[in-house]
Amino acid sequence: ALFSPVQWQTLLWAITFALFLSMALFAAALVPWFSRLSEKAAFPLSFFFALLDTVAFANGLLVWLLVPLAIVFSRPQLAWRKRGLWLGLWVLGGVVVLTLYFHNFNNTVNAAYAYGQGAENTLAHSAQYALAHPGKFVLFVATALGGNLCRGLPVENMAAATGIGLLCLGLGAVAVARLAGTYRRDGGTQLAAGLPWLLLCGFSVGTAVMLALGRMWIGAGLPQAITARYTTHAVFLTASLPVLLVVAGRRWIPRPAIVGTAALAGLLALQSIQWCYGARMMEVWRNSRYADLALTRFCGLLPDGQAFGVTAGDGPFGCQVARDLNRLGLLDPPLLPDRRLANLKVSERTLPSRLAAFTAWETEANGKPSVSGYSVLSSGRPVDLILFTQEVGGEEEIVAIFPPAVTTNSPIPAPRRDYEFTRLRRPDKPVACAWSGHPYPIREILPDQPIRAYAYDAEHNKVFRIPDERADGPPVLRPRNR
């Protein structure tokens, strides 16, 4: 669960490394209390990891609420007076740390990177929104907790995530009630056995609550709860809940070892589905990077102040940024120096018509060209960029490009679903990877010159001729979602 590619954003984006860090530090803060270390050794070690967790990520604050349960209940043989002493020291230290943490607690991040917020106490209005919408709040929390197990199932992702999350919350509540009921009978022995798993579950639930507080007010709705980087928060719950249920149900579950093994097998089967789905998502991300690379190479052919559909310099992939990096010699491969097709490695091989075809180039009433066709590389990977060329002065020049961001063989944003890829189902029949739309002009189109289409493979920096089937070829294929 921890390394499942379903959480591809957490695995690939450097900034999200802190999610794993906060989880590791929380677990490290728990370990001393469930080890053979004396209380005098366990307390400072646990407190040290709690300090690190506090500054690792926002959910690290949960360590101050959950570790006290370990101090009180992890060692049932310890006298209550000593438990109270260590608990009091923990509370005192936590009050000092949290007071310093929340002193003058305002959002100092630039509003452009903080959902439009300025220097304000974001926690206050986030909590107010949650209190005003308790039903949505509970559903958001449940959906976030089921987000890492909901992909690839025969039901819609959002429904699966919410259902799995509510089931986990219900089973967790049953386990807590069962452990609490055994406390008087055995003096807390069974509770101590299930406590580490219970606290790990609590960390996931607490993080989902914080996530709901921080994201609900934006108005993105439940789909944001299953964003790839947020699925990491539910990993502790996924891994710990089956063990917690077995520990809590020793006396009333028939043959708990067999039941536990069956539950583990079911969880592994569900995880295998997530791994297959996540691997596909990693492929989407990989191909998206190549598509960005292909488009970036053409930024030098645009006048300063222009970009492909965005303001120049907008974000790290803005055209102006690319030009600046190219001047410093930091782009590999560099920006194209001019429009000549010879700047690229042109393959002598034309893609077969079962994989690609240029089916239409039409001029609309407003003068804009409209193109359509389909294309996929021989490897099965989607084409990164469609190039349109004409012969100018004896040389073939690129006159327009069609970026994959507007084709259906690129990630398809769909409400309540993940990005998806369309692919060729059978090698002898084009059923996917169709594209249509308005290309970006690189220079003026010559009306008396034929137009050719090429498929650009940014991974190998090579272009392939696309068969021209506009005259007698098959009808124009429409973009197809599946």
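**Entry 1: Asp53 and its surroundings**

I looked up what Asp53 touches, and, leaving out residues up to four places away in sequence, I found Ser22, Leu25, Phe26, Gly60, Val63 and Phe203, where contact means heavy atoms within 4.5 Å. The model is a predicted one, in which local features need pLDDT of at least 70 and side-chain atom pairs count only at pLDDT 80 or more, while totals for chains, interfaces and linings use all residues. Residues are numbered from 1 along each chain as its sequence is written, and side-chain values use heavy atoms, with hydrogens and water left out.

I placed Asp53 in helix H3; helices (H or I, at least four residues) and strands (E, at least two) are DSSP runs, numbered from the N terminus. Is Asp53 buried or exposed? Asp53 is buried, and for that word I noted the cut-offs: buried means under 20% relative accessible area, exposed over 50%, and partly exposed in between, with a 1.4 Å probe and protein chains only. I take a salt bridge to be a side-chain nitrogen of Lys or Arg within 4 Å of a carboxyl oxygen of Asp or Glu; Lys and Arg count as positive, Asp and Glu as negative, and His and the chain ends are not counted.

**Entry 2: The cores and helix H5**

From Asp53 I moved to Phe26, which, apart from neighbours within four places in sequence, is in contact with Asp53, Val63, Leu66, Leu199, Leu200, Phe203 and Phe236. Phe26 is listed with Trp33, Val67 and Trp90 as having the most contacts inside the largest nonpolar core, which has 50 residues. Such a core is a set of buried Ala, Val, Leu, Ile, Met, Phe, Trp, Tyr and Cys residues joined through side-chain atoms within 4.5 Å. Helix H9 gives the largest share of this core, 10 residues. Another core, of 18 residues, lies apart from it and includes Leu351, Val371, Phe464 and Ile466.

I then followed helix H5 (residues 80-102), whose 23 residues reach 32 Å from the first C-alpha to the last, close to the 33 Å expected at 1.5 Å a residue; the expected span is 1.5 Å times one less than the number of residues. The buried residues of H5 are Arg83, Trp86, Trp90, Gly93, Gly94 and Val97, and they pack against helix H3 (39-56), helix H4 (63-73) and helix H8 (157-186). Just after H5, I noted that Asn104 takes a positive phi of about 55 degrees.

**Entry 3: The sheet**

I traced an open sheet of six strands in the order E1-E9-E8-E4-E5-E7, with mixed pairing; two strands pair if DSSP finds at least two bridges between them. Its edge strands are E1 (345-350) and E7 (440-441), each pairing on one side only. Strand E5 (residues 395-402) pairs with E7 in the antiparallel sense over two bridges, and Ala400 stands opposite Pro441 in E7.

Next I looked at E8, which pairs with E4 in the antiparallel sense over five bridges, and with E9 in the antiparallel sense over five bridges. Ala453 in E8 is opposite Phe388, and Ala453 also stands opposite Ile466 in E9. E8 and E9 form a hairpin with four residues between them, and Asn461 in the turn has a positive phi of about 50 degrees. Five of the six residues of E8 are buried, so this strand is largely enclosed by the rest of the structure.

**Entry 4: Salt bridges**

How many salt bridges are there? The count comes to 11. In one of them, the side chains of Arg286 and Glu459 meet at 2.7 Å, N to O. Arg286 lies in helix H11 (residues 256-296) and Glu459 in the loop between strand E8 (452-457) and strand E9 (462-466), so this pair ties together parts 173 residues apart in sequence. Arg286 counts as partly exposed because its relative accessibility is 35%, and Glu459 is also partly exposed, at 29%.

I compared this with Arg381 and Asp457, whose side chains meet in a salt bridge at 2.8 Å, N to O. Here Arg381 is buried at 4% relative accessibility, and Asp457 is buried at 6%. Finally, I noted that Arg286, Arg381, Asp384, Asp457 and Glu459 are linked in a network of salt bridges.
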